[in-house]
Amino acid sequence: MTDAAPAIFVALEASAWGNTIRQSTWLYMAANVGHILSLVVFASGIAVIDLRMAGMLAATAPGQILKVFRRVVGIGFLGLLVTGSILFTAEASHVITNPMFQFKLALIALGLLNITWFEFFTAPKVRDYPPLKALPPEAKTAGIVSLAIWFVVAAVGRSIAYF
Amino acid sequence: MKRTLVVLTIGAALTGAAFAHHGWGSYDAAKPVTVTGPILAAKYENPHATINVKGSDKEWTVTLAPTFRMTNRGATADIIAVGKTVVAFGYPSTVEKDEMRAERITIDGKTYEMR
């Protein structure tokens, strides 16, 4: 426990739930494994959508790719959120002051901002494009930016343990 | 615009925050220590169990392993108990004062690998 952290995170770590996670035989480990599995699901969906937007898999209908893999991304993200909050709660006061975790949070915010922008302004435009029709440059940019952000998020996430 | 934003975010995130002490990188493998003494306090917790040991020179905080691994290897909570004498071989932290990370510990004549 570190008092350098904002009181709310100190309280979260000290809570009964935090204690349960730390004392658990399997819950913490399951959350650790589940976090990786969720990342694999999330990243696979992200990769398919982003590569399609970047211009690969051009013979597929963008609307269908979006419809199917948006769901994969959603399930993966939900899993990441649940397992991540378990891992976070166990050491909240330490993790919140960790520079890599702060970097990761900022990047996640940026990634979600990119997704929101894409969903509101780009996806409605390209949804009805037929296969092989070139997508607008903004779709390509969104895809490449998204891929880059989520790759760095994964790398920075693993780095939390070393800083 | 987006690139500027990324650079700014990285800069902001890296400035001013304190460094924690996880991973093996922040332990000095060139200066192994053996701490022998009674266990004064024990936390059998995730992500790593820790014990406080009254060594001959000072009181050490000894970082052990994930509890799931320790349980699998027989180093259960009732083995790592307050009052027992432990021999802990490991490496001193280069960040935290009086903290070390154990490579292995011996309690009641039995040695448990932590790595």
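Trainee: How many bridges join strand 4 of chain B to strand 5 of chain B?

Mentor: This is a predicted model, in which local features need pLDDT of at least 70, side-chain atom pairs count only at pLDDT 80 or more, and totals for chains, interfaces and linings use all residues. Residues are numbered from 1 along each chain as its sequence is written, chains are lettered from A and ligands numbered from 1 in the order written, and side-chain values use heavy atoms, without hydrogens and water. Strands are DSSP E runs of at least two residues and helices H or I runs of at least four, numbered from the N terminus, and two strands pair if DSSP finds at least two bridges between them. Strand 4 (residues 85-92) and strand 5 of chain B run antiparallel, and the bridges joining them number seven.

Trainee: Which residue of strand 6 of chain B stands opposite R104(B)?

Mentor: Strand 5 of chain B also pairs with strand 6 (residues 110-113) of chain B, in the antiparallel sense over four bridges. In strand 6 of chain B, the residue opposite R104(B) is E113(B).

Trainee: How many residues of strand 5 of chain B are buried?

Mentor: Buried means under 20% relative accessible area, with a 1.4 Å probe and protein chains only. Strand 5 spans residues 99-107 of chain B and is mostly covered. Of its nine residues, the number buried is seven.

Key. Buried < 20%, exposed > 50% of the residue type's maximum accessible area, 1.4 Å probe, protein only.
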